[in-house]
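Hi everyone, thanks for coming. Have a look at the sequence and the structure on the screen, and I'll walk you through the spaces in it and a few of the loops.

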Amino acid sequence: MIQNTKELLVNQYKISNKVLELYEKAIKDVEEVCNSLDEIREFNQLKVLKAFQEERISDSHFTFSTGYGYNDMGRDSLDKVYARIFNCESALVRPHFVNGTHALGTALFGNLRPGDTMLSVCGTPYDTLHEVIGIGKGNNMGSLKEYGVNHKQLELTEEGKPNYIDIKKILSEDPSIKLVHIQRSTGYGWRNALLINDIKEIIECVKALKKDIICFVDNCYGEFIDIYEPTDVGADLVVGSLIKNIGGGITPTGGYIAGTKECVERASYRLTVPGIGGECGSTFGVMRTMFQGLFLAPHITMEALKSAVFCSRIMELAGLNVLPKFDDKRSDIIQAIKFNDKEKLIEFCKGIQIGSPIDSFVACEPWDMPGYADQVIMAAGSFIQGSSIELSCDAPIREPYIAYLQGGLTFDHAKIGILIALGRILK
Ligand SMILES: *Cc1c(COP(=O)(O)O)cnc(C)c1O
């Protein structure tokens, strides 16, 4: 770090010498890991570029459709670009998905029928899916359960890997299992994200027993971390949010569903209605940011990943328990930090907020959030509301007080935000 930057941090942000010492050590330690990410980024950038060129994307795709949105060229072509990138038959990429949960719910409702069972093989699904499935603490009104769709779940092993013995057993015993739900990212848990190879093994295990079972992957936070996506290793459906990795930080809202033609089509009838599916829906001028965000995504995702690697190392040097470790192989952009202390957790989140470009003057506090069972604190000084490809940190207020840090449109900004946050808990 050059002298002037240091001076500014010390004078302006009251960063202590102790924090700066940790910084110097951490940044050296992570150098090799960060450099190793460049190859993945380059490959994915090429993959995206190639898809744009093959679909002959031009200025005329940044159309502004209204009303029914018939023949919205941009919308139809973006679906095809996504299908190429995910190496699958079909995709449904829409600003009409209000978030990742909506896209996940749409794909589940579209592909499950009364009497079917959904099997989660990575333990409890992400918090906001509980109400969708019908295992939430609320009234579960309108949930899959209310429509007669059952849910079963298997825990991961102590090593955080899928339990293949139990998966085989339950699949051979229960003929109602129609869909296997695989969650790539950690969510609000304490485990490493599933690697593409783990996802491949789950899918192979399921398909070897019953090839008609839909292998469904919640890919939130996972796009462009690897050179392969779950659809490259046999997933029938992958779903994610456009205000995470794949929106590149500039797509204003939305979600995507990609996979086999049949599964995506079924989901499309839930987004709109049977008979219409993905063929309607005006895009009111957002297509350019959807294309451009996708184009930027391989780069931005790696800025966020480097931020997570750095955060892991510096927090570990500061004596905290972190997951993953800085040199673990990663499959999402999440960095979990265990505080074992409610006040420290809150202070850390407040520090991230103070280091943000937007709303840096706002103090974030724990709050009841729609879709979450516990109170949640969210530091999100982002250009796009709730965008977690931008530097953000959130935590459910429950023991053992784990914060989940993710994002960073630029590694430089993330480093500063993390230093400010760390400074507050070392005081
Ligand atoms: C973020 C996320 C979701 C969806 O969250 P939204 O806030 O609705 O976009 C679902 N699953 C996982 C694992 C996630 O990380």
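**Pockets, cavities and a ligand**

So, the largest pocket holds about 910 Å³ of space. A pocket here is an open set of points on a 1 Å grid over the protein atoms alone, with protein on both sides within 12 Å along at least five of seven lines; a cavity is a set of points where a 1.4 Å probe fits but cannot get out, and lining residues have an atom within 4 Å of a point. For the volume, grid points are joined across faces, edges and corners, and we take the space filled by probe spheres set on them.

Before I go on, this is a predicted model, where local features need pLDDT of at least 70 and side-chain atom pairs count only at pLDDT 80 or more, while totals for chains, interfaces and linings use all residues. Residues are numbered from 1 along each chain as its sequence is written, and side-chain values use heavy atoms, with hydrogens and water left out.

The elements that give the lining two or more residues are α5, β10 (376-379) and β11; helices (H or I, at least four residues) and strands (E, at least two) are DSSP runs numbered from the N terminus. By class, the pocket lining has 20 nonpolar, 13 polar and four charged residues. Ala, Val, Leu, Ile, Met, Phe, Trp, Tyr, Cys and Pro count as nonpolar, Asp, Glu, Lys and Arg as charged, and the others, Gly among them, as polar.

Now the cavities: we count two of 30 Å³ or more. The largest cavity has a volume of about 120 Å³. It is lined by 13 residues, with Y126, S185, G187, Y221 and K244 the closest to its centre. That lining splits into six nonpolar, four polar and three charged residues.

What takes up the space of the largest cavity? The ligand does, where sitting in a cavity means that more than half of a molecule's atoms lie within 2 Å of its grid points. Around the ligand we find N99, G100, T101, L104, Y126, Q183, D218, C220, Y221, S241 and K244, each with a heavy atom within 4 Å of it. Helix α5 (residues 100-111) gives the most to this shell, with three residues. The shell has four nonpolar, five polar and two charged residues.

Some polar contacts, meaning pairs of N or O atoms within 3.5 Å: a ligand oxygen is 2.5 Å from a side-chain N or O atom of T101. For G100, a polar backbone atom is 2.8 Å from a ligand oxygen, and for N99 a side-chain N or O atom is 3.3 Å from one.

Last, some loops. The peptide bond from L323 to P324 is cis, with omega near -10 degrees, and P324 lies in the loop between β8 (321-323) and β9 (335-338). The bond from E399 to P400 is also cis, with omega near 0 degrees; P400 is in the loop between β11 (392-396) and β12 (402-406).

Technical notes
Polar contact = N/O pair within 3.5 Å; in protein donor to acceptor, adjacent residues only side chain to side chain.
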